[in-house]
Amino acid sequence: MIDDFAKEYLHSDLREIRETMLWKLDGLDEYDIRRPLTATGTNLLGLVKHLAVWESRYFGEVFGRPFPEPLPRWDDTGARGTDLWASEHETREGIFGLYRRVWQHSDKTITDLAVDAPGHVPWWPRPNVMLFNILVHMLTETNRHAGHADILREQLDGATGAAAEYTNMQRDAAFWAARHAEIERAAKAAVERA
């Protein structure tokens, strides 16, 4: 009984954070969702594409249920890193559509298999896993990238949060300027005390 509860709990959280990832791009123009916002090129649409590609592998290949659409192989060194950004020929709708199709495929794997179903991750040092391990891994990985997306989105327009109804944008610029100044003052005071 706890197995079914754990599987559904993790699956439910994964469904929610997937939607959050798409919301992070809501209302932004093409340039802002694609442009590199860190020195390493991290960008919002690339994060969604990356999650789509890797979720398809984890809930597909790992359990002998390959995703039915062509994707670069995980061991294709020539394609390494192309999952982290969108070319000018790839559209937001196309990448969102891929991600949603991956969800359907993944959800079927999660629903059809027991939480202790065996899988094999050839790129891991300990490759023999269970569905439980992959649920935890994908939930962790998706939340990690949602955190990245939160910071990137905040840099663009100040929006943070898990969904539109929870965004911090209800506060005005003066509030955030005062908050920023307060934190800056505390940081400088801590250095002076050290």
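Which residues do ring pairs link into a cluster? The cluster consists of Trp-54, Tyr-58, Trp-123 and Trp-124. The model is predicted, so local features need pLDDT of at least 70, side-chain atom pairs count only at pLDDT 80 or more, and totals for chains, interfaces and linings use all residues. Residues are numbered from 1 along each chain as its sequence is written, and side-chain values use heavy atoms, with hydrogens and water left out.

The rings come first. Rings of Phe, Tyr and Trp (its six-membered ring) pair if their centres lie within 6.5 Å; planes under 30 degrees apart are stacked, those over 60 are edge-to-face, and the rest are tilted. The whole structure holds six aromatic pairs. One of them joins Trp-54 and Tyr-58, a tilted pair at 5.9 Å centre to centre with 40° between the planes. These two residues are four apart in helix α3, which means about one helical turn between them. Helices here are DSSP runs (H or I, at least four residues), numbered from the N terminus. Trp-54 is buried at 19% relative accessible area, and Tyr-58 is buried at 6%. Buried means under 20% relative accessible area, exposed over 50%, and partly exposed in between (1.4 Å probe, protein chains only). Tyr-99 and Trp-103 have ring centres 5.0 Å apart and planes at 70°, so this pair is edge-to-face. Tyr-99 and Trp-103 are four residues apart in helix α4, again about one helical turn. Tyr-99 is buried at 0% relative accessibility, and Trp-103 is buried at 9%.

Leaving aside residues up to four places away in sequence, Tyr-99 touches residues including Met-21, Val-48, Arg-18 and Glu-55; a contact means heavy atoms within 4.5 Å.

Two of those neighbours, Arg-18 and Glu-55, carry charge pairing into the picture. They form a salt bridge whose closest N and O atoms are 2.6 Å apart. This bridge links distant parts of the chain, with Glu-55 in helix α3 (residues 44-58) and Arg-18 in helix α1 (residues 2-23), 37 residues apart. Both Glu-55 and Arg-18 are buried. A salt bridge is a side-chain nitrogen of Lys or Arg within 4 Å of a carboxyl oxygen of Asp or Glu, and by this rule the count comes to 16.

Glu-141 is buried at 19%, whereas Arg-144 is partly exposed at 47%. Arg-153 and Asp-157 form another salt bridge, at 2.9 Å between the closest N and O atoms. They are four residues apart in helix α5. Arg-153 is buried at 6%, while Asp-157 is partly exposed at 31%. Elsewhere, salt bridges that share partners join Arg-18, Glu-55 and Asp-107 into one network.

Charges also meet rings. A charge sits over a ring if NZ of Lys or CZ of Arg is within 6 Å of the ring centre and within 35 degrees of the ring normal. Arg-153 lies over the face of Trp-23, 5.9 Å from the ring centre. The charged end of Arg-57 sits over the ring of Trp-54, 4.4 Å from its centre.
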